Amino acid sequence: MKAKRIILAARALSLVFTPFYLPIVGLVVLLTFSYLSLLPLVYKLFLLFAFWLSTVIIPTALIRLYRHYQGWTRLQLGNRERRMIPYVISILSYMMCYYFMALTHVPRFMGSVLIAALVVQVACAIVNVWVKVSTHTAAIGGMAGALVAFSLIFSFNPVWWLCLIILVSGLVGTSRMILRQHSLGEVVGGFLLGLCCACCSVLLF
């Protein structure tokens with residue numbers, strides 16, 4: 001009974017902290033700590049909805065349809081050789097969102113959030129050719145990297161936010177190992193990959 005509860009908790013954490021939430025979290029940080037907080041509330045809600053639709057709902061729905069079409073379970077889709085199509089779906093969804101942002105002339109720093117998320121996804125897809133890494137922890141590592149980069153740009157103290165992200169990354173990484181989706185090396189490797197890619201992307205974009 002206890003083991004079942006642990007597995008249910010691990011599944012819940014994996015679902016709540018899906019890798020697709022990196023752009024949303026980055027956008028919330030920008031809209032809270034930067035000059036973008038002065039934007040009208042309606043405009044900020046519109047941007048959040050557009051990000052949520054393009055980077056969470058659409059790729060999640062398409063990947064789920066692809067999995068059902070192939071007749072695979074979530075565990076079977078986690079096989080390294082079968083992860084490339086989901087990566088392609090998420091990358092195309094992020095590119096579509098960035099194209100929409102370019103058309104609507106949103107502030108540059110918002111685009112940097114999406115670029116960081118896109119770079120993390122591309123890096124994971126490339127690394128996946130040789131070794132498997134956790135996209136869940138890569139996304140959380142991306143949040144940490146983007147937070148560090150924006151703290152340098154906008155001169156705010158990110159310590160408490162970083163503590164929260166590290167705590168969540170530990171919980172999510174543990175849940176992925178409990179569900180036997182990843183090893184410890186894949187979890188840590190994903191986090192470090194996301195951290196480096198997102199931080200460099202935001203600082204260089």
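Let me start with Ser-201, which touches Ile-115, Ala-116 and Val-119 once residues up to four places away in sequence are set aside; contact here means heavy atoms within 4.5 Å. Ser-201 sits in helix α9, residues 184-204. Helices are DSSP runs of H or I with at least four residues, numbered from the N terminus. Ser-201 counts as buried because its relative accessibility is 10%; buried means under 20% relative accessible area, exposed over 50%, and partly exposed in between, with a 1.4 Å probe and protein chains only.

Before I go on, a word on the model. It is predicted, so local features need pLDDT of at least 70 and side-chain atom pairs count only at pLDDT 80 or more, while totals for chains, interfaces and linings use all residues. Residues are numbered from 1 along each chain as its sequence is written, and side-chain values use heavy atoms, leaving out hydrogens and water.

Now for a lysine. Lys-44 lies in helix α3, residues 41-70. Beyond its neighbours within four places in sequence, Lys-44 is in contact with Leu-31, Leu-36, Ser-37 and Leu-39.

Leu-31 takes us to helix α2, where it is one of the buried residues, along with Leu-22, Pro-23, Ile-24, Gly-26, Leu-27, Val-29 and Leu-30. Helix α2 covers residues 22-33, twelve in number, and reaches 17 Å from first C-alpha to last, close to the 16 Å expected at 1.5 Å a residue. The expected span is 1.5 Å times one less than the number of residues.

On to α5. Its 21 residues should span 30 Å, and its end C-alpha atoms are 31 Å apart, which agrees. Among the buried residues of α5 are Pro-86, Tyr-87, Ile-89, Ser-90 and Cys-97. Leu-92, also in α5, is exposed, because its relative accessible area is 52%.

Leu-92 belongs to a nonpolar surface patch of about 820 Å², together with Met-84, Val-88, Met-95, Val-122, Ile-126, Val-129, Trp-130 and Val-131. Patches are made of residues with over 30% relative accessible area and no salt bridge, with like charges joined within 9 Å and nonpolar side chains (Val, Leu, Ile, Met, Phe, Trp, Tyr) within 5 Å; the areas come from the Shrake-Rupley method with a 1.4 Å probe, and for residues only the protein chains shown count as cover. Which helix gives the largest share of this patch? It is α5, with four residues.

Last stop, the loop between α8 and α9. Leu-179 is found there, and it is buried, with a relative accessible area of 19%. Leu-179 and Leu-8 are 171 residues apart in sequence and 9.5 Å apart in space, C-alpha to C-alpha. Arg-180 lies in that loop too, but is exposed at 74%. Most residues other than glycine have a negative phi. Arg-180 has a positive phi of about 60° although it is not a glycine. Ser-183, also in this loop, is partly exposed at 36% relative accessibility.

Thanks, everyone!

Terms used. Helix = DSSP H or I, 4+ residues; strand = E, 2+ residues; numbered from the N terminus. Salt bridge = Lys/Arg side-chain N within 4 Å of Asp/Glu carboxyl O.
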